[in-house]
Amino acid sequence: MFWAFVAALVAVPVGVFLIRPRVGPLFGKDFQGIKTEGFTGPILTLTVFMTAFVMAQATQTYQRANQAASNEGSAIALLYENAGMLPDGRGQALQATSICYARAVEHLEWPAMADFGSSDTVTYWADRFTVEIPEVLDAPGAIVGQVVSLSRAQSEARLIRLNEASPHLPLLTIVLMITAGIGAVLLLTSFAIPDMRRKVLLVLGTAMAALLGGTLYIIETLEEPFSGPIKVQPSVIARVADDNLVNFMATYQGATLPCDDEGIPTGA
């Protein structure tokens with residue numbers, strides 16, 4: 001999408017130097033061109049429209065992705081805590097798996113989501129929950145119920161997170177927005193009034209191209225919340241992994257985790 005921003009900027013000198021000088025003779029001596037209001041009006045209108053579109057669509061995608069990431073981290077933290085309440089240390093395996101899951105999400109799946117992918121390692125640890133939870137079903141019902149509920153919440157949050165990693169705007173909508181932006185820049189720079197100085201025209205045209213191109217770039221960035229300069233960071237899940245690790249090592253002294261620092265299963 002960054003090329004659209006560059007193309008909008010390039011359209012300014014094309015309109016000013018190539019098209020504009022050839023327009024006047026086609027209309028005769030009475031041709032007045034587009035006055036300054038023709039620049040300020042579309043700039044304000046398109047800026048408001050694009051901003052509203054970004055706020056209503058792309059920002060919602062970003063917020064849902066951020067919320068899903070936070071919910072997933074919270075579910076893992078509470079799952080670890082509730083597993084620790086199981087009697088006779090029966091929750092140790094679940095606690096170890098929750099740490100490995102959090103590590104794999106942070107180090108493996110987060111980079112994969114930048115390319116709209118996922119991690120098989122995270123799926124492996126998620127599947128381990130479905131194996132280990134039935135093994136503690138005969139424990140106190142209240143605790144088991146919480147563990148099952150939190151495991152479901154973790155699974156749902158991950159599905160939402162992965163879904164929001166991919167853009168949701170239809171391709172045709174993006175094409176129409178880019179075409180309209182470049183067309184508006186060319187139109188206004190080509191049909192400006194003949195007595196408007198080129199310096200003024202270049203400044204106004206560049207300002208409009210920057211607004212349109214920048215807005216399109218923001219839309220792309222917010223529509224892909226796990227890549228780009230303002231991407232959602234794995235700060236919650238990373239903090240959960242670190243905090244749970246400290247607690248695990250203090251509670252089960254001498255115990256080892258079934259994964260390395262990135263969440264890859266030991267020996268895999």
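1. Glutamate 72 counts as buried, at 0% relative accessibility; the cut-offs are under 20% relative accessible area for buried, over 50% for exposed and partly exposed in between, with a 1.4 Å probe and protein chains only. This glutamate lies in helix α2. Leaving aside neighbours within four places in sequence, glutamate 72 is in contact (heavy atoms within 4.5 Å) with Tyr101, Val105, Gln154, Ala157, Arg158, Arg161 and Ile237.

2. A word on provenance: this is a predicted model, where local features need pLDDT of at least 70 and side-chain atom pairs count only at pLDDT 80 or more, while totals for chains, interfaces and linings use all residues. Residues are numbered from 1 along each chain as its sequence is written, and side-chain values use heavy atoms, with hydrogens and water left out.

3. On the overall fold, the protein has eight helices and zero strands, taken as DSSP runs numbered from the N terminus (helices H or I, at least four residues; strands E, at least two). Of the 268 residues, 41% count as buried. Among contacts with a separation of 6 or more, 84% come from residues 24 or more positions apart.

4. Not counting residues up to four places away in sequence, leucine 94 touches Ala83, Leu86, Phe129, Glu132, Ile133, Val136 and Val147.

5. The whole structure has four aromatic pairs. Rings of Phe, Tyr and Trp (its six-membered ring) pair if their centres lie within 6.5 Å; planes under 30 degrees apart count as stacked, over 60 as edge-to-face and the rest as tilted. Tyrosine 124 and tryptophan 125 have ring centres 4.8 Å apart and planes at 70°, so this pair is edge-to-face. Tyrosine 124 is partly exposed at 39%, whereas tryptophan 125 is buried at 2%.

6. Phenylalanine 248 and tyrosine 252 make a tilted pair, at 5.0 Å centre to centre with 50° between the planes. Both partners are on the buried side: phenylalanine 248 has 0% relative accessibility and tyrosine 252 has 14%.

7. Threonine 121, in helix α4, is buried with a relative accessible area of 18%. Leaving aside neighbours within four places in sequence, threonine 121 is in contact with Ala104, Leu108, Gly263, Ile264 and Pro265.

8. The protein exposes about 13,700 Å², and carbon and sulfur atoms supply 62% of it; areas come from the Shrake-Rupley method with a 1.4 Å probe, and for residues only the protein chains shown count as cover. Leucine 176 sits in helix α6 (residues 171–190) and is exposed, with a relative accessible area of 53%.
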